[in-house]
Every structure is written in C-alpha cells, then in structure tokens.
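Please keep the sequence and the model in view while reading.

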Amino acid sequence: MSMKSVRLKIAMVYSQDDSSRGLPKGPPGLPLLGNLLLFRSRAYPVDEIMTNWAKEYGNIYRLKIGPKSMYILNGYDCINEVFSNPDVDGRNTAYTFKAGLGEGAGTASSEGQAWSCQRHFTLKYFSSSTERLEKAISEEVTRILSALNSKPQTPIDITNDVFRLAFYSIVCKVAFAKNYNYTDGELKAIADIWDTVQRNRGIVSLNLSLKLPFGKSFKIFQRVCEMKSLLQKYFQERRNYLQSKFATPSCFVDKYLLQQNEVQGKEISKEFTDSNLLWSTFELFYTGTNIPNSTLSSIMVYLINNPHVQEKIQHELDTQLGDKPPSWVDRQRLPYTQAAIAESMRHSNNIFLGVPRVARQPVTIGEYHFPAGSTFMSNLHSVMMDPGAFPSPEEFHPERFLDQDGNFRKPKELVPFGMGACGPAPVYS
C-alpha cells in the first residue's frame, strides 16, 4: 500500500461524518484535527459560537476533538432530558490526571455505586462541618480584607495576589487541618503545582497521550505526580495523628480514614480505598481553588463595573446586619446580595461546558441512537443566556432574581456549576 493511500485512509477515519451513521451532524472540521482549533484561545468567544451553532445544527450536534466525537447539548430541556437519563451517568476522566494519580475515583470522577458512596460521604461530611468550614472561610476573609486595606488606592491583582493563596489555604484546612501562613513554603509549593495545571489545562492537554515527554500534557502529568506525593505524605501524617490517644478527627481526610475502618470487611469497603481517597482529595483542590477563585474574581469585576449595585448591597448589609460580619445563616436576610451574586455567576459562566457525561450503554435520544461510550457536554451558556428564561440576558440586572415581595428566587435555569444528577451540590438552598 502506498504512503499516499495510508494518508488518505487516516484522514478519512479522522474526518468521518457521524451523520452517515444516524448521529447528529455538526460544524465541519479539519482532517486529523477536527474542531480542535475552536479551543485555541480562552479569549475566543467559544460559548457564543457554540450557542449559535445550535441554531444551525439543532440542540444536539457533534464536535470532533481529533478522532473523537463529542456531542454538545443546548438548552435547559435538552440537557435535562439527557443528563436525567440513568444510562448517561458515566464519567470521562482526564487522561493526564489518571496517568499521574493511577486507578481510583473521587466524587467528580466516579459513576454508579462508587459515585453514590463517594457523594453521600462527601455531602455528609460538609453538611456536618458547616461551622468548621465557615470558620475557615471567615479567617481567610479577614486576611483578604487586611491585604486590601494595606494598599489603599494602589492597583492590585486580586485574583493572583489576594484570592489565590486564600483558597488554597481554605482547602488545606478542610482537607488536612493544616493552618498555613501565606508565606509558608509548603502552601506556595501546592499553589505552584496547581497554577501549572490550571495554566496548561484544556480539552486537548488533559486528554492527549503522554508518549511524548514534552508539551502541556507532560507538564500537567509531572505536577500531578508531585501533588500525589504531597497528598500521600499528608495522609500518613493524619493516620499517625489518629493513632494518638487524644486525637480529635477534624478534617476531610480524618473522616475518610475513619470511614475506611468502619466499613472494613463489608462489601462497601471497595469504594473507600486509599486510591479513592487520593482522587477525592485531589478533586477538592481541583474544584475548591480555581473555580471559586475565578467565580469570586468575576463577581468583583461585575460589581466594580456596576457601582449602583455595590451601593445597594452595602445598604442592605448595613440595614440588616450593621457591624456584624455576614454568615451563611444570614443569607435569607440578604436577598439583594444573593441576587447580585447570582447575576454575576450567570454572566461569568466560568464552567460553560459543565462536567462531561458518558453513555454507559447504547441510548436513544429523540431521533438519534448513540452507542455506548458516547460523550455528552452541556453548553451552559445556552441556558443562562436564554432570553426565554432571562429577558435581555446581556444586561446586568440582579432584580431578575427577586420576586414581587423582594425575596430571592433561584430559577431552575441558573446552573453555573452544571446540571444533572451527578452535578455539584446546589449553591443556594
């Protein structure tokens, strides 16, 4: 067979149109690359482009990421229908994470019974640790305010110079009961590891093979391996602590290790392994640092650009709380503040493709018959910028989240962290 024929066959495989097999069509892509160039820059308006494609190809269309097809879901009803299907609850774990961490699964990366057990444990831990978590956050808020007040009238990078270490510090307290100063070398090492991961992450870099010892994928792999070593060291420290006579379990890892002891010898013990502890703690850092950092930074940007909203928030805080620092239980007394936060999150849409889901067996959705292994992603921009749910969606208008009596209302279309049974716990109750 000639080299020309080989090239042609490879190109045909990579550019094959799924519509020939009765699957959704999608925008044309390049041979070998598919639609990869769509993700070439985070400054590129990918969310708007993908929402507009739904007008041309329908609420379910195909994107090609190299040789792999991914199906993009658009609109609340479409996403809800697919993600409510019990056959579409599989997870697509990033290759580079799995290569660095090894086998295992946490709350965000597990499925089936494993997901149910991990999620139940995690939600139970956080629901019983509200006071401890709020204390950790309050301590960091005090430090953030101190940092901001120390440089009045001076430009400051709040994302990297203020919020960044604060969120790493909170997760360390929650995960290992570690109390770090911002100057601590160990905290900076953790932050540096995750900065590299976040800087290089993306659909391409997280899923490419690591056969070549260079590039973004390999950088992520190296830092994930470093994080694995650090986490395993902390796990051993907590094991040693729990063996002491006066030990008081006080963090996520402590509770997980005790859970391992409680289920030992039972069928469920296979869901609480050391490898699953590693993944669960890794995911605490992945979801508990960059996502809230970018979310809080976006809220700050929208408030700075809308000073009249700032004034209303300040008036509500002064009227309802006076000099008392706000707490989680106060949120019902602060409807406008909640509305402003909700509107900021709707606009910023920091996780616009949500969490991917995989069909664990063949599934029929409308006129399409998807094979097992099909990957679905939710275009949350199509939901939170839907004029049917949010009139004049481009406007920044917190009042859209208040009812006629001035109470905060959360419409089902406010989904900044994704949709479906496997999605994160709701932000608002």
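The count comes to one cavity of 30 Å³ or more, a cavity being a set of points on a 1 Å grid over the protein atoms alone where a 1.4 Å probe fits but cannot get out. The largest cavity holds about 50 Å³ of space, the volume being that filled by probe spheres set on the points, which are joined across faces, edges and corners. Its lining (residues with an atom within 4 Å of a point) includes I291, T295, M345 and F417. Both α11 and α13 (335-348) supply at least two residues of this lining; helices are DSSP runs of H or I, at least four residues, numbered from the N terminus.

This is a predicted model, in which local features need pLDDT of at least 70, side-chain atom pairs count only at pLDDT 80 or more, and totals for chains, interfaces and linings use all residues. Residues are numbered from 1 along each chain as its sequence is written, and side-chain values use heavy atoms, with hydrogens and water left out.

Of the 429 residues in the protein, 45% are buried, meaning under 20% relative accessible area with a 1.4 Å probe, protein chains only. Beyond its neighbours within four places in sequence, F285 is in contact (heavy atoms within 4.5 Å) with residues including Y168, F176, I190 and W194.

Key
Buried < 20%, exposed > 50% of the residue type's maximum accessible area, 1.4 Å probe, protein only. 1 Å grid on protein atoms, 1.4 Å probe; cavity = no way out; pocket = protein on both sides within 12 Å on 5 of 7 lines; lining within 4 Å.
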